[in-house]
Amino acid sequence: MHKVVVPKNSGIHRFACLALYRALLRQCSASALAAPWRNETKSLVQNRFRRYQGLESPSQVSNALKAGYKTLDLLDSAMKGNKSDASRVNGILAQARMAQKDRMAAQREMNKTKPVKVLSPKQARKKENVRLAEATRRRHPNTASVLARPYPEVSGKRGVPVLVNARGVPFLRIKKPQPSNLGGVLRAKLEKRWKCIEARDRLYTDHLFAKDEDEWDGLTDAREHCKWTEEVSLAQSETFRRVRKFDHANKAMADKMWKVVLKERTLAAQERSQTQQSG
């Protein structure tokens with residue numbers, strides 16, 4: 001039994017196909033082919049080579065290569081001014097356009113008849129979370145402050161908010177999932193505080209270098225209007241002040257939010273009691 005050779009695994013076959021492919025692309029280049037044909041012929045060549053790259057039948061491979069060489073000769077002749085071959089190129093491109101339109105129309109009809117894919121519970125939750133994140137990316141201009149709570153009257157059961165500590169930044173969680181704009185505000189505040197912490201750590205090292213500079217000035221009798229460590233100490237004091245201000249503001253806001261939670265709890269208890277008595 002003779003050995004079966006798969007064309008696409010043969011180096012000689014691959015070399016011949018790539019040589020033909022490069023020759024056709026060069027023929028479709030801007031310098032070789034007229035502008036009306038340039039883009040269409042190039043895309044058509046690329047599509048045909050992708051479609052036939054998996055052929056294994058020797059007869060089919062032979063026919064495809066013959067068609068490629070004939071196309072190369074046809075393009076060369078049309079480029080040199082042969083009107084008959086130019087007309088053939090126009091006809092081939094027109095047929096390709098019509099076939100593309102037919103395929104697109106068939107695909108649209110197929111998409112219409114395709115049944116709607118039912119999402120799994122996990123996929124549905126993921127899609128809903130993405131929708132909510134997009135809907136809450138920006139704060140609504142008519143949204144009232146959380147400190148305006150508790151509302152005297154609510155429709156339905158009163159939901160008591162939960163005071164949450166996000167790495168030192170307090171906020172009231174009214175319901176889940178968390179709005180996207182709230183997450184952005186929390187991240188911005190935490191990043192601002194973290195930059196102050198990084199600056200404070202750098203100033204510790206700078207203070208050591210400044211101390212060495214002052215000692216060197218003392219050894220060399222250098223006269224400076226102020227010591228190096230004084231400026232670093234001033235920067236450290238300013239950094240500590242900013243961190244303390246940030247923490248005190250968060251503590252004051254947490255106290256206000258906690259009072260809101262207590263009032264909400266009281267009203268919720270009263271409303272439950274009224275509901276039970278009326279029931």
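Helices here are DSSP runs of H or I with at least four residues, strands are runs of E with at least two, and both are numbered from the N terminus. The model is a predicted one, so to speak of a local feature takes pLDDT of at least 70 and side-chain atom pairs count only at pLDDT 80 or more, while totals for chains, interfaces and linings use all residues. Residue numbers start from 1 along each chain as its sequence is written, and side-chain values rest on heavy atoms, with hydrogens and water left out.

Threonine 229 sits in helix α7, which covers residues 228–278. Setting aside neighbours within four places in sequence, threonine 229 makes contact with His207, Ala210, Lys211 and Asp214, contact being heavy atoms within 4.5 Å.

Then there are the prolines. Going from arginine 149 to proline 150, the peptide bond is cis, with omega near 0°; proline 150 belongs to the loop between α5 (121–135) and β1 (162–166). Another cis peptide bond links lysine 176 to proline 177, this time with omega about -5°, and proline 177 falls in the loop between β2 (169–173) and α6 (180–219).
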